[in-house]
Amino acid sequence: MEKALHRQRILLQHLQPSSSQTSDSPAISASICSAGEAAGYHRKPAFDDDVVIVAAYRTAICKAKRGGFKDTLADDLLAPVLKAVIEKTRLNPSEVGDIVVGTVLAPGSTRAMECRMAAFYAGFPETVPLRTVNRQCSSGLQAVADVATAIKAGLYDIGIAAGLESMTVNSISVVGQVNPKVEIFTQARDCLLPMGITSENVAQRFGVTRQEQDLAAVESHRRAAAATASGKFKDEIIPVNTKIVDPKTGVEKRVTISVDDGIRPNTTIADLAKLKPAFKKDGTTTAGNASQVSDGAGAVLLMKRSLAVQKGLPILGVFRSFSAVGVDPSVMGIGPAVAIPAAVKSAGLQIDDINLFEINEVLVPIIAANIMVN
């Protein structure tokens, strides 16, 4: 009970505005800072320092190549969520200091242009800059960290972090010539391993059984189905008006996509047990317990706490910490086990202080972890 109360006190402190100093901490002054008072860092009073998330919207997440967004271009995925940020918060788009979009598979310059096009579709003026960032499967987290860090540094007061992927259009593949030198550097060569093989490596090295993976998959689908049925995703999903083309006839049908189409509520252990390994003959990773390839986009609005209060916007979370840590590329899936403790420590917390972890799949031997309190 004492530990639970301690954890609650810490988390509540994170949700409170930052104070200038604690009663038992000395003030920064010339007597303790050789550079003098002018160079000392004075934490500003309440509301000025915290970076908060005030809005978060996404499209539905759809199966690549055969789901609801199979005929929707990437910029048409991003534009609706960017527009929703403006409309639902009544934000003046010219106030946004930067838009940072995490994205992986498309060529960098091409995707950057598509994202800028999406910003114009959404109603942002030419004065609002945009860039993309690629840290593989944690690119969206990196975008959030980049925006939060810029706000913290005083570069601007309001920013948008987004994520976008169209795996229908851009598949996972090595493009171009591979340097033959990788053959004499084991870890460099392992950077080219398919995700499915690295999954098998993790299972073998750390004793993760097929049954454990199947059980996790069934529970994941069950929870997602229950959340959908109860309307928990209703407010965050932005309906997208788009088209679906019949592959046989070429006939276009106008549709509105507003529900994730990869959830299989009737999945059972018996069903999954029938599936063959997808990447290795005697492996444990199957089409049923691996993540699907998907199309979708999302965006969050971050700003200084003082502005959020001034604008009357809800504080959904407080950005506290970020950490990116490298691991062996042959078992890149263990990244969260290394990055999360680093991010928790950076936030001044202990692992036991965290009630809920959201762990995203990783694609390369680097994983980023954000700590946000809500």
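Q: Exposed means over 50% relative accessible area, buried means under 20%, and partly exposed lies in between; what makes Glu 87 count as exposed?
A: In this predicted model, Glu 87 has a relative accessibility of 51%, and because the cut-off for exposed is over 50%, Glu 87 counts as exposed.

Q: Why is Lys 83 called partly exposed?
A: The relative accessible area of Lys 83 is 39%, and since that value falls between the limits of 20% and 50%, Lys 83 is partly exposed.

Q: What makes the pair Glu 87 and Lys 83 a salt bridge?
A: The closest N and O atoms of Glu 87 and Lys 83 are 3.9 Å apart, and because the rule asks for a side-chain nitrogen of Lys or Arg within 4 Å of a carboxyl oxygen of Asp or Glu, the pair forms a salt bridge. The two residues are four apart in helix H2, which means that about one helical turn separates them.

Q: Why is Arg 58 counted as buried?
A: Arg 58, found in strand S1 (residues 51-58), has 15% relative accessibility, and because buried means under 20%, Arg 58 counts as buried.

Q: What makes the link between Arg 58 and Asp 260 a salt bridge, and which parts of the chain does the pair link?
A: The side chains of Arg 58 and Asp 260 meet at 2.9 Å, N to O, and because the limit is 4 Å, this is a salt bridge. The pair links distant parts of the chain, with Arg 58 in strand S1 and Asp 260 in the loop between strand S7 (252-257) and H8, 202 residues apart. Asp 260 is also buried, with a relative accessible area of 15%.

Q: How do you know that the span of helix H3 agrees with what its 15 residues should give?
A: At 1.5 Å a residue, the 15 residues of H3 (residues 108-122) should span 21 Å, and because the end C-alpha atoms are 21 Å apart, the two values agree.

Q: What shows that the buried residues of H3 line one face of the helix?
A: The buried residues are Arg 111, Glu 114, Cys 115, Ala 118, Ala 119 and Ala 122. Seen down the axis of H3, they fall within an arc of 145°, so they line one face of the helix, while Ser 109 and Met 113 are exposed on the other side.

Technical notes. Residues numbered from 1 in each chain as written. Predicted model: local features only at pLDDT ≥ 70, side-chain atom pairs only at ≥ 80, totals over all residues. Heavy atoms only, no water. Buried < 20%, exposed > 50% of the residue type's maximum accessible area, 1.4 Å probe, protein only. Expected span 1.5 Å × (residues − 1). Arc of directions from axis to C-beta.
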